[in-house]
Amino acid sequence: MAVSSSPCLKFFVASSFECRSDSSSGTDQPSHGRFTSRVNSARSGTTPFLSGIGMSSLILKFPPNFVRQLSTKARRNCSNIGVAQIVAASWSNNSTAGAPSAAAAAAAAAAISAKPAEILARNEVAGVDRNDNKNVSVVQLEDMSSDLEYKSFLSSDGSIAVHAGERLGRGIVTDAITTPVVNTSAYFFKKTQELIDFKEKRHASYEYGRYGNPTTQVLEDKISELEGAESTLILASGMCASTVMLLALVPAGGHLVTTTDCYRKTRIFMESFLPKMGITVTVIDPADVKTLESALEKNKVSLFFTESPTNPFLRCVDIELVSALCHKKGALVCIDGTFATPLNQKALALGADLILHSATKFIGGHNDVLGGCISGSTKVVSEIRNLHHVLGGTLNPNAAYLIIRGMKTLHLRVQQQNSTAMRMAEILEVHPKVKHVYYPGLPNHPEHHIAKKQMTGFGGVVSFEIDGDLFTTIKFVDALKIPYIAPSFGGCESIVDQPAIMSYWDLSRPERESYGIKDNLVRFSFGVEDFEDLKADVLQALETI
């Protein structure tokens, strides 16, 4: 086949190139993001190929984002147009040798079409790799994500946090590195039969924004990989995750066991709303295994739910032990691991049925997004998901994108925060103006032995009591220059607060103290700022009191 007379190439030149007169002079400059072919008759002579179609003095350009616009069919089948594009791309980078002859072009096209199996081998790309490694043109013929087994060599939590759910099999068809945000409230079906096939699980798709979203699915898959879970459900906030989980797993008239130290809004939900459903609650000290065993014997316990470490005293529960005790009595175990992060503690591997996080905190990590997640077996998570679809606490896909973005640096942030918090806890422990420090990494912490056994890092939050009253503590907090006085924790910016004011100010002092919240308690979430800067700031603030 003569290339110059090929209808495929005539169509390709007419339709796929942007043509303009060659009015420039001097050294050829590559066109950014495009394959180009410059034909200069004064330098290389008129080529038979271009003479045959009357284009001896034109610059031929591929349109922008040509590779990304290649259809899946073209990539898989390597159609004539695809072959022509590959051949033309190789010409465009051969700037020193000039354009090839028609016979050479025909031979190149024949060689490509003769060995489709080689061209379409897994992960192979076609193009020209010049000796100087410059101006390499690459046409991707097949989706790389479809067959690659990244799991075989992604052993690090840090690598999994970057790639899981995206490079390990993203459902969104795109060549973009970052996951696209799919802003839609509904999904359409081409024919009614396709809808019926979807309803009868013969066709994979989405249906309505409350039931799922491609961007959100990527986030769920990423967290599942990081936690070693079969399934993950992402919700609008950490509190939303907690309440939906409790409503889904504890039946009316059921019984729940939890711990004394916990996030106050979770306690309010248990004390004020669950009793309306006839649900009773046993509250135990995080280390009181005997009371847990007693509660399991006396009641038909559906669920044991606790934070570990807890908020704000960072108490730790022996997850392996309580899981074994609860499972003997048919009770599920859910651990809120927000303070630990998926990097410092693997609750599912320790025996828990579910791991819950406020993704607002360390997972998102930038103080700019709300989210919550629950991970575990498909069976249990599906029960929660079904109720979630009814209640509708859906995470916006833009928020899902922000959390995905935040997770790319999760391991870097957590390493820094672990290190800073540990070093600052040691400094605060011996400071004369600090009465007591709560941090599981310190040997004097009541569950230090448990933390050492089940955690690889102790987290970025340190709670401590100033040697003084409410106003002395206020003076210390106000003297700090780096942290923000704010709720929440786990972000890049350091945050400080007095729980007595931030979370319990509506209660009287005796009521606050019944929960262990003293006026001189400080909770300090260390960000990713330089350790020496944070150390200097804390020490200068202590000197003011």
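Visitor: Which residues of helix 11 meet helix 18?

Guide: In this predicted model, T215, T216, V218, L219, K222, I223 and L226 of helix 11 meet P397, A400, Y401, I403, I404 and M407 of helix 18. Contact means heavy atoms within 4.5 Å. By class, this contact has 10 nonpolar, two polar and one charged residues (nonpolar: Ala, Val, Leu, Ile, Met, Phe, Trp, Tyr, Cys and Pro; charged: Asp, Glu, Lys and Arg; polar: the others, Gly among them). Residues are numbered from 1 along each chain as its sequence is written. Local features need pLDDT of at least 70 and side-chain atom pairs 80 or more, while totals for chains, interfaces and linings use all residues; side-chain values use heavy atoms, without hydrogens and water.

Visitor: At what angle do the axes of helix 11 and helix 18 cross?

Guide: Two packed helices are described by the angle and the distance between their axes. Here the axes of helix 11 (residues 214–227) and helix 18 (residues 397–407) come within 8 Å and cross at roughly 35° (axes are lines fitted to C-alpha atoms, for helices over the stretch in contact; angles run from 0 to 180 degrees between N-to-C directions).

Visitor: In what order do the five strands of the open sheet lie?

Guide: The order is 13-14-17-16-15, with mixed pairing (strands pair if DSSP finds at least two bridges between them). Strand 13 (434–438) and strand 15 (484–485) are at the edges with a single partner strand each, so one side of each lacks a neighbour in the sheet. Strand 14 (residues 461–466) runs antiparallel to strand 17 (residues 521–525), joined by five bridges; S463 has R523 as its bridge partner in strand 17. Helix 19 (residues 410–429) lies across strand 13 and strand 14, at about 15° to strand 14.

Visitor: How many helices and strands does the protein have?

Guide: There are 24 helices and 17 strands, both being DSSP runs numbered from the N terminus (helices: H or I, at least four residues; strands: E, at least two).
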